Amino acid sequence: MPRLLTFVVCALVAAGAVQAQVWPDGLDGRPGPNRLPAHPLNWQTVSTPDLDLYVPAGAEALAEDAAAVVAEVLPQLEAFVGARLPPRLPVLLYPAPRTFAASVPVRLGREADALEGLTDRDRGRIAVAFTGDRRTFRQTLVHELVHALLRVRYGDAGLRALLPLRRRSVLPVWVEEGLAEYAAVGYGPSSDHLVRAAVAAGALPPPERLRGPLLYAAGAGFVHFLVREFGPEALPTLLDAAAHTGDGTTALAIVTGLGERDLAERWQNAFDDAVLPEIAARERLGERARETPVAGPNALLSGAAFSPSGDRLALVVEDGSGSRLVVLDLAETLPPKTLLTAGPGLPLDALHGGRTVAWTPDGRRLAVAAAEPEREVVVLVDAASGTTTTLATDVFDRLTALAMNPDGSALALAGLRRGQSDLAVMTLPQGRIEPLTDDLYDDAAPVWLGTTSLAFASDRGDRLTRSGGPLPSPRDPLPRDLYRLDLARPTLDRLTDTPDDERPVTALPGDGGLVLLSDANGLANLYVRRPGGQVEALSDLYVGLDDAALSADGLRAAYLAPGPNGGSRLWLGRQPLAQTLPVPLAPTVFARTAPGVPLAVRLATDARRARSPFLRGAGDSLAAIAETPDEALPYDSLFGVTRRPYRLRFGLDALGASAEVDPLFGVQARVEMRASDVLGRHRLRVASNLLLDLRSSDYEAMYAFQPFRRRYTGRIFHTARFVPDAPDALARQRYRHYGGSVGVAWPFSPYDRVEAGLLLSVVSRRDVFDPAAPLEVRSALVPRLAVVRDVALPEDAPVPRRGSRLELVVEGTPAALSGTRTRFVAARLDARFYRPLGAGVDGAFRLTGSTSFGPTPARVFTAGAPGWLTPRFDSLAVFPVQTLNDFALATPLAPVRGYGVARRTGPHALALAVEARFPLGVLLVPLPDAPPGLVRLNAALFADGAAVVGGSEAEAQDNGRLGPVLVGVGGGLRTTVARLPIRLDVAWPFDGLALGTPMLVVSTGWDF
């Protein structure tokens, strides 16, 4: 690699100059869906002595709940982390996941529907979504508060947070996420549920390779292991050592005295000691059911429901391509039949997970909870033909469960509205909805008990009214018990009163009782509650269940259990009621409420008990193992809470060096400042490259405002370049382009929008070597109209793997306002398609075309690779800037790898690029902003082709065997270094018979 290129790349990486493109909201002109809230949000501000809580009107109870949580836990968290939150820290609260995904001001790298909260490291903002479980909402808030405090502790707050050289995290990601999760929920059944599945399968990875849901669960287990093995002082010592050394991996070695590999091995052994002894003593799912493959290992399964005759099973499958409703014919060995598909760009955005599928009594149709791009619906699907009927559920912001009445006349619904989780009943076939509950308690998982009453799970305790009631205290353990609701009565009946989480599964025929799931022994097992109130266990599994379903006759059962990698697995069995077990079941090591000595402790030998931090010292009491929460603070510490309408509050988002990569002039560095209000509806950007004088500098200011759906932008700019008369000549012409523009983006759906704009363009040229040369100036108004359809979504990666993106742009000008004649009309098409090709290989296809007509048509030029750090010109290339119009309007055509810049120029062009991408492995070197010692590498094979016509005579004489067509082939590597996406390609030009001289192309950017 040439020394200059090496210097440029290293300088950019060190300074953070080239900023990685993060997938934004789709209104910035880069790929991504439009982020559209379903309804306008009237934001309110609830202020406490420590925070400003922002919440939409109507959901203020979320802010009151969050204020109570913060008042209780913040002093303890600040003392533990050793840092204080900055004053007036903004906390944004969203009443539903859809609102969160559409409105959160932080640009997300993956689908926001999968997130419950996040902390913006640039501004310190916290955003939390209510997903239907108030306990989870509170735990997520505490989790994010820990992230915010760690941000302050390790110097990522204040002005330093705006510097490009700052490190994003001192602690390893599994330690930071584990610490936040441990502070919020400890390590108990919710985490043990996933970790146990991985341990039982022998697939628990070392900490540095934790990903997905297992990262949080096993991360909390890692922190719990540190406390149990090295004492409670290990955590504050670790935080102090990390602050002192600036390296979390070194701090771990200081605290534990172990290297990374030895520490990981001891952690894995500790879980083996606690879990493996129970595998032989407890029941395996394989003993009562057979695993039935339905989808890939990472897919999530939910909503299992048997047909009335018990011969078919329906369930929802969610994977990277979207979600689909599938039906298994249990009497035939046929592959699952897909009845309904949802995903980006389809009429249905998603099929919801949870208990959201139900059959009609005749077995002909299914009801499934789904989301259209802007509303929640119930879809009735014909099981034979697949035809659908859609019923709107505007009452709810998100549906979480549904159940079919035994006579098919109604659906019981559970869903979110105004930051509450309530029940309703929908009459069929009209679709009329009548609310059943309206209070702050979390009501979920309805099951019909006959045709006029429901059983459901709730955290309401003894509050047995269907509306109103006080907000539960954050100190409450909030277990979910079972309740019965008679549709004709205004009150409720409490069926169970236990410290465990319970939810109904189905009512047995003939008043045989109620089957339920409970985590009484630390794992979610099946139980049956008889009419007299006695409870019997139906399973004693060593891995808990995600969900279960029984056929109407009670002879078949479907079990959904976690897989070793965080996905779901389906097990089908018979006779689930044939054998019952006495209760209570033996508790697990990590159970919180089950009485008795943990089974793993009873089975362990003295030597194993002495060696294992989870078993050591258990004795006869579970309290020696389970965590005990610190003493709660007084609940009356909510003095000074005030409410007011939202007022603008701006803050800096970024301040520092940035860069853009120009295909003609290479890397153009500049200083940039970005600011926005708390909600991200107002955005301001100011940038300049700060050269010696204003005439030779670049500077711009842009303001964007998005009150609800439309986004308005205004921009003023100035660009100056010294342009040579030929690629190898001395630059002597100084071109300046300045003016302003206004624009509006008007989305029609999350995937379709129209953009319109008007540009005032002023261009001048002067020969800097000839002071007497006249100044040439031309000005023009250029209107622009674009239509965009974008359904390209990333899957845990910044590069799309599925979907497509189409953009059609028409622009032109009737005449110049002054100076050089300017009249043209131009149209450009950019179509990109992304498809998985199998075996981990992804395909990307891009078709671009451009044409321009008029006396002074706008030209395009081939530009090699987008983001080319060191562009070069071939010996036969003509510098594409020859006129004032060229400087303002010439457009690069990329990618055409294998050739220099401007090998072809002209008003008409067509290009096709094909690329196959596949993972190559990992690079085991420590680099910033990557897991220690781990940098992912991906490889690509590509072929580019382009034809540009209407160019110069010199270009026509350069035509080879393929005429005006340029073809390049090659391959390369992709990786990310310090959040900077790097592409390293080797490309060969191809003339139809032979390959030419290879060219090394180093570029930056995620996509083509």
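A salt bridge is a side-chain nitrogen of Lys or Arg within 4 Å of a carboxyl oxygen of Asp or Glu. With that in mind, look at arginine 917 and glutamate 915 in this predicted model: their side chains meet in a salt bridge, with 2.9 Å from N to O. Both arginine 917 and glutamate 915 are buried. We will come back to pairs like this one, but let us step back and look at the whole chain.

The protein chain has 1008 residues, and 54% of them are buried. Its secondary structure consists of 15 helices and 52 strands. How much of the contact pattern comes from residues 24 or more positions apart? Among contacts with a separation of 6 or more, such pairs account for 59%.

Val787, Leu808, Val810, Val825, Leu829 and Phe853 make a nonpolar patch of about 490 Å². Strand S41 (800–813) and strand S43 (824–838) are the elements that give two or more residues to this patch. Take valine 810 as an example: it lies in strand S41. Valine 810 counts as partly exposed because its relative accessible area is 38%, which falls between the limits of 20% and 50%.

For a contrast in setting, find alanine 331, in the loop between strand S9 (322–329) and strand S10 (337–342). Is alanine 331 buried or exposed? Its relative accessibility is 61%, so alanine 331 counts as exposed, the cut-off being over 50%. Glycine 310 is 21 residues away from alanine 331 along the chain, and their C-alpha atoms are separated by 9.7 Å.

Next come the spaces in the structure. The second largest pocket holds about 810 Å³. Its lining has 32 residues, and Phe306, Met404, Thr506, Leu550 and Ala552 lie nearest the centre. Several strands supply at least two residues each to this lining, including strand S7 (300–306), strand S16 (398–404) and strand S24 (502–507). The largest share, four residues, comes from S7. A search of the whole structure also finds three cavities of 30 Å³ or more. The largest cavity has about 270 Å³ of space. It is lined by 18 residues, with Ala102, Ser103, Leu679, Arg681 and Gln706 nearest its centre.

Let us return to the salt bridges, of which there are 56. Glutamate 278 pairs with arginine 282, and their closest N and O atoms are 3.1 Å apart. Glutamate 278 is buried, with a relative accessible area of 0%, and arginine 282 is buried too, at 3%. Another salt bridge joins arginine 569 to glutamate 291, with 3.7 Å between the closest N and O atoms. Why does this pair tie together parts that are 278 residues apart in sequence? The reason is that arginine 569 lies in strand S30 (residues 568–574), whereas glutamate 291 lies in strand S6 (residues 289–291). Arginine 569 is partly exposed, with a relative accessible area of 29%, and glutamate 291 is partly exposed at 37%.

Salt bridges can also join up into a group. Arg670, Glu672, Arg674, Arg685, Glu700 and Arg715 are linked in a network of them.

Note on methods. Residues are numbered from 1 along each chain as its sequence is written. This is a predicted model: local features need pLDDT of at least 70, side-chain atom pairs count only at pLDDT 80 or more; totals for chains, interfaces and linings use all residues. Side-chain values use heavy atoms; hydrogens and water are left out. Buried means under 20% relative accessible area, exposed over 50%, partly exposed in between (1.4 Å probe, protein chains only). Contact means heavy atoms within 4.5 Å. Patches are made of residues with over 30% relative accessible area and no salt bridge: like charges are joined within 9 Å, nonpolar side chains (Val, Leu, Ile, Met, Phe, Trp, Tyr) within 5 Å. Accessible areas come from the Shrake-Rupley method with a 1.4 Å probe; for residues, only the protein chains shown count as cover. On a 1 Å grid over the protein atoms alone, a cavity is a set of points where a 1.4 Å probe fits but cannot get out, and a pocket is an open set with protein on both sides within 12 Å along at least five of seven lines; lining residues have an atom within 4 Å of a point. Grid points are joined across faces, edges and corners, and a volume is the space filled by probe spheres set on the points.
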